[in-house]
Amino acid sequence: MRLTIEVHAKMPISPLTLGGGGLGWGEKLLHFAKSAASPTPQSPPVKGGEAVNKGQTTHNNNILLAIFFVSVLLSMVATPSSASTVRALRLGYLDSPGSALARIAAQKGHFREEGLQVELVKYSDSGKGLEALETGVIDVGVFAVGDSLRAIAGGKNFRIIAGGGTPIKNTPLAELDRELQAENESRGVLVLIPPSWPNAEKGTIIQLTAAWIRAYRTHQQLVTSSSRPGKLVHFDPNPDYWRLERIWHSLGLQDAAMKRDFLANHVYEEIYCDALDRLLLGHIDPILQQLFSKAICTPNCCPASAARL
């Protein structure tokens, strides 16, 4: 319903559009403001026009009162309620150092920055966490790379949207032995969503991934300013399909009956690229620039305005 207020003092007020049927509080307030602004019937002038002046004063007061109520109404309509704009999600994560970005994103308010209200749910076992993700107990999962890839190979249609933390083996053998390296990387974590995730609009997933990237940036800033020697976990928010493919083949998960792009259909690097592109629209710092230089993104491949994946 579109209601237009016109104050009788040659003071135009922009039309205000309100939804809903019947007379809601907004429409009642508008009717009150309009009636308050209407000229008050005046008595015939007596004693030098005292009645005229009194009527004019009353009319001016009514105009001021109408303007006040309209201003209050406009401020209430124009200011969105935080409760209506925040998306509530349950994020399950493996209780391991590699899941630190989930805790950082929650503690530092990065989820809220992206308009998300996220409840963290801790799991001691990736298997139970993946089962909870499949059955809808949680909306997002941060679980072990190896267990997640095995679940996908077994027919679970999870989607990988971001990377996480990987334990570091400070031994020369780990760097030279590809199988040992892949086994170690399989102990890291990645971020998954289920195919049946309710309200799985692409924009929400991009917000989630952007919060994950913000958490990575915060972690890197903390590491840079810290005097602690060395680090035990390597963090990278990039899902990095080629790294996952190497782990996939090292674990012997590519079945002969599978299509060659079987794993590729479960890794959504474009989500990561869209989230990174959006963050690069703001303040650009060396951490974001480094992530962008390593990412393999096709320009304008996947506009964030797409309704669903």
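The following legends describe close-up views of a predicted model.

In this predicted model, local features require a pLDDT of at least 70 and side-chain atom pairs a pLDDT of 80 or more, whereas totals for chains, interfaces and linings use all residues. Residues are numbered from 1 along each chain as its sequence is written, and side-chain values use heavy atoms, with hydrogens and water left out.

**View 1. An open sheet of five strands.** The strands, which are DSSP runs of E with at least two residues, numbered from the N terminus, follow the order β6-β5-β7-β10-β8 with mixed pairing. Two strands pair if DSSP finds at least two bridges between them. Because β6 (116–123) and β8 (159–163) each have a single partner strand, they stand at the edges, and one side of each lacks a neighbour in the sheet. From one strand to the next, the twist averages 25°; axes are lines fitted to C-alpha atoms, for helices over the stretch in contact, and angles run from 0 to 180 degrees between N-to-C directions.

**View 2. Strands β7 and β10, with helix α6.** Residues 140–144 (β7) and 189–193 (β10) pair in the antiparallel sense over four bridges. Ala 144 has Val 189 in β10 as its bridge partner. Helix α6 (residues 126–135) lies across β5 (87–94), β6, β7 and β10, and runs at about 155° to β7. Helices are DSSP runs of H or I with at least four residues, and contact means heavy atoms within 4.5 Å.

**View 3. The aromatic pair of Tyr 123 and Phe 143.** Rings of Phe, Tyr and Trp (its six-membered ring) pair if their centres lie within 6.5 Å; planes under 30 degrees apart count as stacked, over 60 as edge-to-face and the rest as tilted. The rings of Tyr 123 and Phe 143 are edge-to-face, at 5.9 Å centre to centre and 75° between the planes. Tyr 123 belongs to strand β6 and Phe 143 to strand β7, 20 residues apart. Both residues are buried, a term for under 20% relative accessible area, with exposed meaning over 50% and partly exposed in between (1.4 Å probe, protein chains only).

**View 4. The salt bridge between Glu 119 and Arg 90.** A salt bridge is a side-chain nitrogen of Lys or Arg within 4 Å of a carboxyl oxygen of Asp or Glu. For Glu 119 and Arg 90, the closest N and O atoms are 3.1 Å apart. Since Glu 119 lies in strand β6 and Arg 90 in strand β5, the pair ties together parts 29 residues apart in sequence.
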